[in-house]
Structure formats: structure tokens, C-alpha cells
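Here is a short report on one protein chain. Please look at the sequence and the model first.

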Amino acid sequence: MVDRRSSWSTRMADRIPDLPDELLIRILSLLPVEEIARAKLVSKAWKIVSEFSFVPPLTFQCPPHPHPRPKVIFPISFLFKSTDTNCHSSFIDLIDSSLKLHYQKNLSFSKLRLHLDLYRTKSHSFIDSWIDAALERKVGHLDLSFLHNSKFNYYPFLAKVFSARSITVLCLEDFNVEIHGNANIDLPALRKLRLRHIQINQQSLQKLISSCPSIRDLEISNCSSLQKLHFSGLANLQRFSVIWCFGLGRIEIDVPSLQYISHHHGPSPCVVVLNSGEFLRELILWNSYITEDLFQYLVSGIPNLERLEINRTRMQRIQILHHRLKRLDIT
């Protein structure tokens with residue numbers, strides 16, 4: 001006697017390869033990446049990776065990192081949370097085959113978000129080839145984060161990223177970045193730069209920023225090796241954020257085009273010098289060492305300020321007289 005349910009399942013499975021690519025991509029986008037990886041292990045006949053790789057924006061994220069991250073959502077996201085070693089290996093294969101297909105078929109993609117756990121990634125040679133493939137395909141948005149087990153195990157940053165003329169958004173996390181005097185930095189299209197948990201000295205950072213003439217949004221977060229920041233020029237810079245860089249002792253800003261400044265500092269003193277604030281609209285300060293004199297100096301030099309937020313202040317008395325201020329938060 002024939003099992004009708006088994007016969008029906010077999011017929012349906014045989015018809016899956018006949019489905020349009022668009023429908024396959026839609027179905028697969030609803031599955032967690034560990035299920036996709038396991039499917040590849042069970043049956044090589046499934047060309048899931050090949051079909052999935054035609055979608056331009058690619059996101060590969062291994063485990064969630066211990067520190068909070070803003071949620072970034074692209075149309076297709078590979079989110080991997082399993083601790084199974086075989087499944088992790090399959091996940092690496094998934095990334096590798098996906099990016100190789102783009103390279104072989106000369107496909108381009110606008111965004112690549114690659115967040116990996118180096119604890120479980122045995123071969124780092126893959127990573128170089130993935131980044132190379134992205135750069136050769138003229139990627140515009142590049143987001144790289146490699147979690148490591150100590151400050152001595154940072155992934156060696158590829159200097160060629162800093163000469164990728166197509167990049168408009170660059171997000172780097174958990175890297176050791178060294179820029180020598182003769183380094184070739186050419187990022188004419190870069191609009192947004194985000195550096196988090198980066199080991200970099202002041203000279204290297206200054207050289208990097210000065211080589212980004214179109215930059216509009218700059219965020220520096222948890223970069224404890226920095227002791228002093230001084231930015232000038234940067235005619236297009238509109239947003240500037242410095243968050244929890246505990247080693248910083250002084251920040252000097254001379255950028256007339258700035259419209260937004262956010263400074264979150266730790267328990268040690270940090271002097272903030274704002275030489276030009278004509279177009280500044282929003283100022284956010286988390287700094288317990290802000291004095292009344294420094295506060296008055298900052299506010300008086302910002303004629304068009306509309307939002308002022310001060311947290312963790314030790315000031316006993318605050319006097320503000322500002323005709324354009326619309327929002328004031330003091331905690």
C-alpha cells in the first residue's frame with residue numbers, strides 16, 4: 001500500500017527547484033540561518049546558497065556581542081546564534097560560497113555587514129578573501145566587526161579598505177588600526193565613519209579623518225587608546241559623536257559646519273573646546289566634570305542652539321539665557 005502523504009511530499013520536493021528565484025529567496029528569507037546551514041549539510045542538491053546570494057545587500061552576523069549594538073536591518077540578514085561547531089563551520093561555508101558566487105558571476109552588492117566571532121573561526125584566511133571580494137565588487141556600505149578573546153588577538157586590519165573609493169559608509173569594530181606616514185588613504189566618497197572598540201593612536205586617526213573630504217557623520221566609541229582629539233576643517237562634517245572614550249583628556253573642535261555634537265565621557269576629566277558653533281543645533285553632554293564656566297562658554301558660543309542635553313552634571317546652579325533654545329534636558 002502506497003503512503004499518499006509520502007508520495008505527495010516527494011512530488012513537492014521534486015518541484016522545489018522549479019520555483020522562480022524570487023519565490024525561493026522570499027521563502028528562504030523567513031528561515032534562521034542555522035536552518036539554512038543545516039539544510040546544506042543534509043543535501044548538497046539544494047542550491048540554497050547560490051539562490052540566496054543574488055540579493056544585493058548581504059548581512060552575516062555570528063553571535064550577538066556582549067556590548068549593546070544599534071539594530072541594523074537590511075533586506076536579507078544571516079543571523080547565526082547556534083553554538084554547534086559543525087553548524088558554525090557550515091555558516092562559514094555559507095558566507096564563503098555566497099561571496100565567491102558574486103565574484104565569479106561579476107555581481108555587485110551595495111552593502112556587506114560581516115560580524116564574526118574569532119573564538120570559533122579557525123581559519124582567518126577566509127576573511128581576507130571576503131573583504132577583497134567586497135572591495136572588488138565596489139561595495140558602498142561596509143560594516144566589519146570581529147569579536148576576539150583578548151586585546152592581543154585583534155584581527156589585523158586590511159589597509160586596502162582605506163583606499164576603496166566606492167565606500168560611502170564604513171563601520172569598524174574590534175580592530176587594531178595602524179596608519180603609517182606613507183600609507184595611501186583615499187576615501188573621497190565616504191560620508192559616514194563609525195569606529196568602535198578600535199585600537200588607534202591620535203596621529204593615525206587624524207590622518208584617516210583628514211583623508212575623508214566628504215565625511216558628514218563621524219562616531220568614535222570606546223576607543224580607550226585615544227588621549228586627545230583635534231578636528232579642524234572638514235567642511236562637510238555635520239554630526240560628531242564621542243562616546244565612552246575613557247582615556248580622552250581633551251577634545252578641540254574647529255568645524256564650522258557641525259550641526260550635532262554628542263559627548264559621553266567617563267569618570268575622568270575631559271576638557272572640551274569648541275572654537276566654532278555657528279551652525280550647531282544640538283549639543284549632548286554626558287560629563288560630570290563640566291563646570292559652570294565651561295558650560296557658559298559652550299552655550300554662549302552657539303547662537304543657533306535648539307537642543308541642549310546635559311547628564312551626570314555636578315553643577316549646583318545653571319543659568320541659561322538663549323532665544324533659540326527649544327529643548328533643555330538636565331539630569
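Among contacts in the chain between residues at least 6 apart in sequence, what percentage join residues at least 24 apart? The value is 49%. The model behind this number is predicted.

## The chain overall

The chain has 331 residues, and 48% of them are buried. DSSP runs give eight helices and 16 strands.

Strands of a sheet pair through backbone hydrogen bonds, either parallel or antiparallel.

Look next at β11, residues 250-254. Four bridges join β11 to β13, and the two run parallel. Within this pairing, Ile-251 stands opposite Val-272 of β13.

## Two residues with positive phi

Most residues other than glycine have a negative phi. His-197 is not a glycine, yet its phi is positive, about 55 degrees. His-197 sits in strand β7, which covers residues 192-199. Its relative accessible area is 22%, so His-197 counts as partly exposed.

Leu-234 also has a positive phi without being a glycine, at about 45 degrees. Leu-234 lies in the loop between β9 and β10 (239-243). Is Leu-234 buried or exposed? Leu-234 is buried, because its relative accessible area is 14% and the cut-off for buried is under 20%.

## Cysteines

A disulfide is a covalent bond between the sulfur atoms of two cysteines. How many disulfides does the structure hold? The count is zero.

Take Cys-223 as a case. The nearest cysteine sulfur belongs to Cys-245 and is 4.9 Å away. A disulfide requires the sulfur atoms to be within 2.5 Å, so Cys-223 is in no disulfide. Cys-223 is also buried, with a relative accessibility of 0%. Cys-212 is buried as well, at a relative accessible area of 1%.

Definitions and conventions
Residues numbered from 1 in each chain as written. Predicted model: local features only at pLDDT ≥ 70, side-chain atom pairs only at ≥ 80, totals over all residues. Heavy atoms only, no water. Pairing = 2+ DSSP bridges. Buried < 20%, exposed > 50% of the residue type's maximum accessible area, 1.4 Å probe, protein only. Contact = heavy atoms within 4.5 Å.
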